[in-house]
Amino acid sequence: ILQQIREDQAITSEEHPVTLNTASGSINGKLLLPAHAKSCHVVVLIAGSGPTDMDGNNPMMKNNSLKFLAEGLALKSIASLRFDKRGIASSASCNT
């Protein structure tokens, strides 16, 4: 089932890198849009406590929970924006 979702997701969504430039550095994220959508709802996925990246992973565990959630939302024609926390993963250079 997961393999089918990933194959469908590749066809039904477009992922774009996004960068928020702040005074203390850049915060990196990803915008996942349903393919061919002229307009759609958008959710912002915010990582929970601890050093969690935009995909829902932390140094102790990789589970891609937020990435999978974003992919599932795209299958339902809902866009999502997710981002690394300040100082974490691809936003490590952004000071707090």
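A residue counts as buried under 20% relative accessible area, as exposed over 50%, and as partly exposed in between, with a 1.4 Å probe and protein chains only. By that definition Ser77, at 46% relative accessibility, is partly exposed.

The model is predicted: local features need pLDDT of at least 70, side-chain atom pairs count only at pLDDT 80 or more, and totals for chains, interfaces and linings use all residues. Residues are numbered from 1 along each chain as its sequence is written, and side-chain values use heavy atoms, with hydrogens and water left out.

## Overall composition

The secondary structure of the protein chain comprises 2 helices and 4 strands. Helices (H or I, at least four residues) and strands (E, at least two) are DSSP runs, numbered from the N terminus. Along the sequence these elements follow the pattern α-β-β-β-α-β. The protein chain has 96 residues, of which 30% count as buried. Its accessible surface is about 6100 Å², and 59% of that surface belongs to carbon and sulfur atoms; the areas come from the Shrake-Rupley method with a 1.4 Å probe, and for residues only the protein chains shown count as cover. Contact means heavy atoms within 4.5 Å. Among contacts between residues at least 6 apart in sequence, 58% join residues at least 24 apart.

The 4 strands form an open sheet with the order 1-2-4-3 and mixed pairing. Its edge strands are strand 1 (13-22) and strand 3 (41-45), each of which pairs on one side only. From one strand to the next, the twist averages 20°. Axes for such angles are lines fitted to C-alpha atoms, for helices over the stretch in contact, and the angles run from 0 to 180 degrees between N-to-C directions. Helix 2 (residues 65-75) packs on the sheet and touches strand 1, strand 2, strand 3 and strand 4 (78-83). The direction of helix 2 makes about 160° with that of strand 4.

Strands of a sheet pair through backbone hydrogen bonds, either parallel or antiparallel. Here two strands are taken to pair if DSSP finds at least two bridges between them. Strand 1 and strand 2 (residues 25-34) are antiparallel and pair over 10 bridges; these strands form a hairpin with 2 residues between them. Strand 2 is also joined to strand 4, in the antiparallel sense, by 4 bridges. Strand 3 and strand 4, by contrast, run parallel and are joined by 5 bridges. The chain passes from strand 3 through helix 2 to strand 4 in a right-handed β-α-β crossover. Right-handed means that, with the strands pointing away from the viewer, the path from the first strand over the helix to the second runs clockwise.

Individual bridge partners are listed below.

| Residue | Bridge partner | Strand of the partner |
|---|---|---|
| Glu14 | Leu33 | strand 2 |
| Thr19 | Asn28 | strand 2 |
| Gly29 | Phe83 | strand 4 |
| Val42 | Ala79 | strand 4 |

## Leu33 in strand 2

Leu33 is placed in strand 2. Its relative accessible area is 26%, so Leu33 is partly exposed. Beyond its neighbours within four places in sequence, Leu33 is in contact with Thr12, Ser13, Glu14, His16 and Ala79. Leu33 and Ser13 stand 20 residues apart along the chain, and their C-alpha atoms are separated by 5.4 Å.

## Loop residues

The loop between strand 3 and helix 2 contains Thr52. Thr52 counts as buried because its relative accessibility is 8%. A polar atom of the Thr52 side chain lies 3.3 Å from the backbone oxygen of Ser49. A polar contact is a pair of N or O atoms within 3.5 Å; within protein, one must be able to donate a hydrogen and the other to accept it, and residues adjacent in sequence count only if both atoms are side-chain atoms.

Asn64 also has its place in the loop between strand 3 and helix 2. With a relative accessible area of 15%, Asn64 is buried. Most residues other than glycine have a negative phi. For Asn64, however, phi is near 55°, a positive value in a residue other than glycine. Ser77, in the loop between helix 2 and strand 4, has a positive phi of about 65° although it is not a glycine.
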